[in-house]
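Dear colleague,

Please find below the structure that I am handing over to you. My notes on what was found in it follow directly after.

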4 protein chains.
Amino acid sequence: MIPVAIMGGSGYTGVELMRLIAGHPQLQLTAVSSSQYEGQAVEAVFGALEGGLNLSFTPHDPAALAGSARLAFLAVPHKAAMAAAPAILAAGAKVVDLSADFRLRDRAVYEKWYAPHSAPELLAEAVYGLPEFYREQIKAARLVANPGCYVTSVLVALVPLLRAGLISPQGLIADSASGVSGAGRGAKLNLLHGEVHENFRPYSVDGHRHTPEMEQELSLAAGQEVRLTFTPHLLPMDRGILSTIYAQAVGGSDEQAVRDCWQRAYGAEPFVRVLAKGRLPETKQVRGSNRVQLAVARDPRSGVLKIFSALDNLTKGASGQAVQNANLMLGLPETAGLTELALTP
Amino acid sequence: MIPVAIMGGSGYTGVELMRLIAGHPQLQLTAVSSSQYEGQAVEAVFGALEGGLNLSFTPHDPAALAGSARLAFLAVPHKAAMAAAPAILAAGAKVVDLSADFRLRDRAVYEKWYAPHSAPELLAEAVYGLPEFYREQIKAARLVANPGCYVTSVLVALVPLLRAGLISPQGLIADSASGVSGAGRGAKLNLLHGEVHENFRPYSVDGHRHTPEMEQELSLAAGQEVRLTFTPHLLPMDRGILSTIYAQAVGGSDEQAVRDCWQRAYGAEPFVRVLAKGRLPETKQVRGSNRVQLAVARDPRSGVLKIFSALDNLTKGASGQAVQNANLMLGLPETAGLTELALTP
Amino acid sequence: MIPVAIMGGSGYTGVELMRLIAGHPQLQLTAVSSSQYEGQAVEAVFGALEGGLNLSFTPHDPAALAGSARLAFLAVPHKAAMAAAPAILAAGAKVVDLSADFRLRDRAVYEKWYAPHSAPELLAEAVYGLPEFYREQIKAARLVANPGCYVTSVLVALVPLLRAGLISPQGLIADSASGVSGAGRGAKLNLLHGEVHENFRPYSVDGHRHTPEMEQELSLAAGQEVRLTFTPHLLPMDRGILSTIYAQAVGGSDEQAVRDCWQRAYGAEPFVRVLAKGRLPETKQVRGSNRVQLAVARDPRSGVLKIFSALDNLTKGASGQAVQNANLMLGLPETAGLTELALTP
Amino acid sequence: MIPVAIMGGSGYTGVELMRLIAGHPQLQLTAVSSSQYEGQAVEAVFGALEGGLNLSFTPHDPAALAGSARLAFLAVPHKAAMAAAPAILAAGAKVVDLSADFRLRDRAVYEKWYAPHSAPELLAEAVYGLPEFYREQIKAARLVANPGCYVTSVLVALVPLLRAGLISPQGLIADSASGVSGAGRGAKLNLLHGEVHENFRPYSVDGHRHTPEMEQELSLAAGQEVRLTFTPHLLPMDRGILSTIYAQAVGGSDEQAVRDCWQRAYGAEPFVRVLAKGRLPETKQVRGSNRVQLAVARDPRSGVLKIFSALDNLTKGASGQAVQNANLMLGLPETAGLTELALTP
C-alpha cells in the first residue's frame, strides 16, 4: 500500500477523494487536514465513510502531510494550494492539485482571472492533468494540475475534433449545466435546498473562470487561438455535468466522422465512452463513476454539430481524475480504484 | 360567471386548467371530459382540487361540451383536437386548442411533422395564441391555437429583437431545458421518478416538433426565413422551462439595446418581466405563475448575445396562456384568474 | 385596503407572508423589515414577488412598523418577537406572532424550553391562533400566538378526538416528517442541497421544542395531562408536513367513528378536509394551500388507529394560518386571500 | 470466476444485481433473462453498465439459466419465482430468490397474503436469507429466500433486542419510509416523477405484505406471537429506507442497554453499524452500500424507545443482501463485491 495524504478534507472533493482511496486496492490514506474539523474523527463528520478510514482531521501543515505520504492531493481553494505546493514538493512528495492554481500556463492569464501567483516558478513544471491527452507527461510529473469539471467535459469532447480539423475553431459555444456539488460545501444561502430544488438557472454568464482554461487547451489543439462562448447553469441535483456544445462542421464532416475520430482517440481509453448512434449521454449513467459519455448529432436543418458530453463533476470532473493522475504518477494501473459503475436508479 | 368546458382533463395541462378555472373570478367549469376517468369524480382523481369543483368526468362528446359552455379548451393530443374542433365551433362555442393542430399555418409543414390534417379549412381562420403579439386577432377569434411551451419561451425573447433588427436571423441557437411535466402524464418508463430524478439529458436532438412552430413565427418577425438550431433537455424537476439562446448582435447592439427593445415591446405587458441588469431568470421564480422572465448578457470575449427566458411550461407555456387567450376571447380582463405569484421556496 | 406590516421579511415565513398579502384582496403591505436586507428592494431579493409589491426592507423598528399599519406580523425568531410585541401593541397595532414566544401559557414551561421571558405580562392576554378551536377569542384578540407547523398538523387531527373521548390520551405517538423550509432560510451546512437531497433522517429525537406546545393543547382537549412521544424527520423536499399518529381507540371506536367526529368538528371549516375512506393525505395536494388533509385507518391486526394529517408547513403551518388569524382579527372574511389550490404536479 | 445467472434483469433489483456482479472479484454473469428486453444488449438498455458486461437478455428459460451457472438469482415477481425455482434446483444450480415466494414458512400465511403456492415442497428447505441471523444455514442451503427491504430494516433492529428481552413484544410500531425504487420499475402512473417528487404520503395502511414476514421472524425472536403495527410511506427519492420503531423498554432498559445488545450481536458483522450516541441514521450515508445503520433514543417524557434503522432498499434491502447470501452459499468471503461506500453527497 502506498501512503497518500489529502490537504483539505472538509469539502465535497475532499470527501470524494477519501471515498475513492478507501476503496482503492493500493493506496492508503495516512493523513487528511481540515481547518474546519481539525481534531475530529473523519467518520464522525462523514458518516458514509465509517469504518473505511481510521483517521482524525489534522491541521493544514504541508510538511507534516508530505512527511507521511508519497503523494498529496490538494483539495483546498486556489491560493491555499499554491501556498502549500512548494513545501510539499520540497519534502519529497508528489502533488496533485485540484485547484486552479497550476492549470493556466500563462501567469498573466492566471492573475487576470484569479489572484497574484505566489509560486510562478512551478507553472512551467506543472503538467495539465488530463490523462487522455498528457498521459506520458503525467507519469513523469512531480506536480499535476487537475482540470476543472466543466473543462474536462468540454475538452474530452472537442480536443480530438480540433486536432483532426473536423470542426471549426470559430464560433464554438458550450452550454453546460452542473449539479450543485460543483459549487462546493460552503454554508451559502444560494446553495440551500430551498434555493436549488425544483429550480434551473444560469450563472456567471459574463465570464466563468473555467473559460480561460478551456481556451488554453482548445487553442493548443486547434493550433490557433480559440474563443469559446461558455454558459454554465445550475441543476437541481447533486452530481453531474452535461455540456451541449455547438460547432460548425468543417468540410462537410458528419456525425459518423465525429464518432470515428473519437473512436480513434479513445478506442483504448478506459474512461471515455463513445455512444453508439441513437444513444445520448445521461448524467445519471456516469454518476459516481470516472466515465465521460460522448455523443453527437448533426442538426438536419442548420447543419450545426451538437456535441454532448456527460460526467460526474466530483469524479471524472475532480477527485476521480485526481486518483487517475495519482495512479499514473505512482506507477499503478491507471484504473485502480476507479472501476465502480453508476447506480440505477 | 361564464360557462366553459375542457375536453381532456386527465393530463397535466387539463388539471392545470381546472386549477386556474377554480380560482378564476369569472369563469365556471361546466364540464370536463376524460376517456381514462369517465364517470369518476374530478376530486377523487385530483385531490388538490377537492372542493374547488363539483364535477365528474364525462365522455369526449364535442357537442355536449359545447352545449354547456361558451368556450371549450381542447387539452387532448394532436389529431383528437382537430377531430373535435369543427363540431364545437359548429355548436357555437369558441375554442382554445392546446394541441399543435392549428399552430402551423402551412398545412404541408403540419403534415410533414405530425399527420394528415382532418380540418384544413380551419387553418386560415385559427389565430396563433400568443397575446403579446396577436392580441387584437385573438379578441376576435373563434379558434385560437395555443402555442407550445418551448415555443413561447423562445418567441417572447426573440420576436421583438428580430422585428427591430437587433439580432441576426442567421445562426440562432436555442438550448432549452424543461421539467418533466412537459412530457405529459402518461404511464411511460422514461417518465418514472427513478429515470428522471438526479438526471439531466438531451432528447429529440435530431428535430423536435416545436422547431417548425418556432421557425414560422421567427421568420414572420424577421421578414425572412429563419432556421433555428434547437436542443431540448429534460430536467429533474416537475415544472419550468429555461431557454438559453445564442444570437449574433447586429450593428454592435449591446445588452442595453436588447433590454430597451424588450421594454418598448413589453413595458405594458402584465406577464413579461424584463429583468434589470445583474439579475437572471430562475424557473422557480415563475413556477405556477403566468410570467416570462427575460434577461440578456453579451459575452465579453466572443460578442455573442446570450438571451435567457424562463417560464412555467404548464402555465404561461400551456394552460395559463390558454386562460389568457380565453379572457381575451370572452371580453374579460386579460389577467383575470392569472395573478398568482410563485412560491418561495 | 387595510395596511399591515411584517417584522422579519428575509426568512421563508416572511416571504410567504408577502406572497399571500400580495394576492390578498383587502390587505396592503406598507412596511417590511429585515436586518439582513435593510435598504434593498424586496423584489431584488425575492424575484418571485417582482411587481407584486413596491417596497424596500426597513430596519427592525417596532414603532415605525406599527405606525404604518393596523396589524403587524412578527416573523422574527423567538426572543426578538417578545422584545418587539409590547411596543407594537402600545402603538395601537394588533400583532400576529409567528414565533414561539406567546404560545405557551405557562411561563415556566416556556423558559424551560426556550429562554427567560421578557414580556410575561402578555402571556395571559395572548390567544392561541388555531382558528378551528379559538375562533371567537381570536376575533377579539390584540395579540395572537400563531401555532407551530408540526403542532398544527397534530392538533387538528387529535383535538376533536380527545374532546370526544374517542382515543386514549395515553400512549400517543406522533411520527412526523417535514420539508426543509421548516428549518428556515439560514446559511447552514445541514440545509444545503447536498445534505438534504435524496436523504431522509430523524432529528431532535430527544425532545423537540414543539412537544410542550402540543402537550399543552392536547391536555386541554383531553381534560388531563397528555404525554406525547414525538419524532420529527427531515424530508428531501421544500414544503410539506405529514404526521402519522398512533392512538389507542377507546370503546372500540372505529374508522368511521373518527371520521364522523371530524366531520362534526370540521364540516363547516373551509380549510380542513376530511378525506373519504380509501383516500390518504399527500403533502403535494396541499402544497401552497392553507389546507389540512385528514384520514384514518384502523390497523386490522393490532387495532391501533393510524391517523394521518398533511399540510404545508409554510402556509397552514405558518404564514397562511397567520393571514387566517389576521382576517379574523380585522373583521375580514376568514378565507380572504387564502383560496389558492395546490399545483398538480 | 464462478458463473452465475439472473432471471429477471429488467427491474431495479435486476440491474442492481448486474452492477454488483460486474464489480465482483469472483462472480461472472453468464446469462440474464428478461421478457421485456429479450434479445437486446444489456448495455443498450442500461447505459450505466456499458462495458461492464457483454451480454444480451435471453428468454426466461430456467433450465438454460441453470445450465450456464452455479447459482441463479430470481429477480422476477412472486409466482414467477416459485414457478422457476424447482427446475433450476433440479438442474443443479443453487437459488437466491428475491421474491416473497419462499420467505413465509407457513404455506397458509403465504396463500392468505399472496396466491396459491405452486412449490410448497420447497418451503421447508428454503432458508431465510438474513445472514446476520441464519449464516450457517445459508452456507449449506440450496435455496435462500432473500428478505424484503422493509423487513430487513426492522429485523436487524429488533431481533437481538427481542431475543435478549430488552423490549416488549407487545405494542411494537414500525413507521417506515422508502424511496420509490422499492416499488419497482413498472410504467405506472403513481411512480411518475410528477406524482412522487416534492410529495410524501402513506400507503398500504390497512396491511402491507411485508407485515407477516416481519411478524414471523419477530415471533421467533421473541418466543411468542408478535403483532406489529406497520405503516409504509413513499419518499420523494430513489433509494433508501428509514424505519422509526417505537418499543416499550422492559425492566428499565435504556439507550445504552440497547446499544450494548446490538454491539454484542453485531460487533463482528461487516454490514451493521451501530452508531455512537449522538449520531442518527441517514439514508444517504448508506446509499448504494450494503450497510444498515442503527441508533436508539429513549424519549425523556414517555420513556418509549425510539429505534432507527436505515439501509438502501436495493442493496442491503434486496440485491446486495442477495449477493451476500450468494457469497456464503458459494464459499466466498461474505463481503466480496460489497465494499463500496455511499457517495457524499
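**The sheet of chain C**

In chain C, seven strands make up an open sheet of mixed pairing, in the order S8-S9-S7-S10-S13-S12-S11. Strand S8 (201-202) and strand S11 (272-274) of chain C stand at its edges with a single partner strand each, so one side of each has no neighbour in the sheet. Strands pair if DSSP finds at least two bridges between them; strands (E, at least two residues) and helices (H or I, at least four) are DSSP runs, numbered from the N terminus. Strand S12 (residues 292-298) and strand S13 (residues 305-311) of chain C are antiparallel partners over seven bridges. Arg298(C) has Leu305(C) in S13(C) as its bridge partner.

Please note that the model is predicted: local features need pLDDT of at least 70 and side-chain atom pairs count only at pLDDT 80 or more, while totals for chains, interfaces and linings use all residues. Residues are numbered from 1 along each chain as its sequence is written, and chains are lettered from A and ligands numbered from 1 in the order in which they are written.

**Contacts between chains**

Residues are in contact if their C-beta atoms, placed from the backbone, lie within 7 Å. Between chain A and chain D, the contact takes 27 residues from chain A and 27 residues from chain D. On the side of chain A that touches chain D, helix H1 (residues 12-22) of chain A gives the most, with four residues. That side of chain A divides into 10 nonpolar, nine polar and eight charged residues. Here Ala, Val, Leu, Ile, Met, Phe, Trp, Tyr, Cys and Pro count as nonpolar, Asp, Glu, Lys and Arg as charged, and the others, Gly among them, as polar.

The contact between chain D and chain C takes 40 residues from chain D and 40 residues from chain C. Several elements of chain D each supply at least two residues of the side that touches chain C, among them strand S7 (172-178), helix H8 (193-196) and strand S13 (305-311). This side of chain D has 18 nonpolar, nine polar and 13 charged residues.

**Two helices of chain D**

Helix H7 (residues 149-163) and helix H11 (residues 315-329) of chain D pack at an angle of about 100°, with their axes 8 Å apart. H7(D) is therefore roughly perpendicular to H11(D), a term for angles of 65 to 115 degrees. Cys149(D), Thr152(D) and Ser153(D) of H7(D) meet Lys316(D), Gly317(D), Ala318(D) and Gln321(D) of H11(D).

**Backbone details**

Most residues other than glycine have a negative phi, and most peptide bonds are trans. The bond joining Thr344(A) and Pro345(A) is cis, with omega about -5°, and Pro345(A) lies in the segment after helix H11 (315-329) of chain A. Lys79(A), which is not a glycine, has a positive phi of about 80°. Lys79(A) is located in the loop between strand S3 (71-74) and helix H4 (80-90) of chain A.

With kind regards

Key: Two residues are in contact if their C-beta atoms, placed from the backbone, lie within 7 Å. Axes are lines fitted to C-alpha atoms, for helices over the stretch in contact, and angles run from 0 to 180 degrees between N-to-C directions. Angles under 35 degrees count as roughly parallel, over 145 as roughly antiparallel, 65 to 115 as roughly perpendicular and the rest as oblique.
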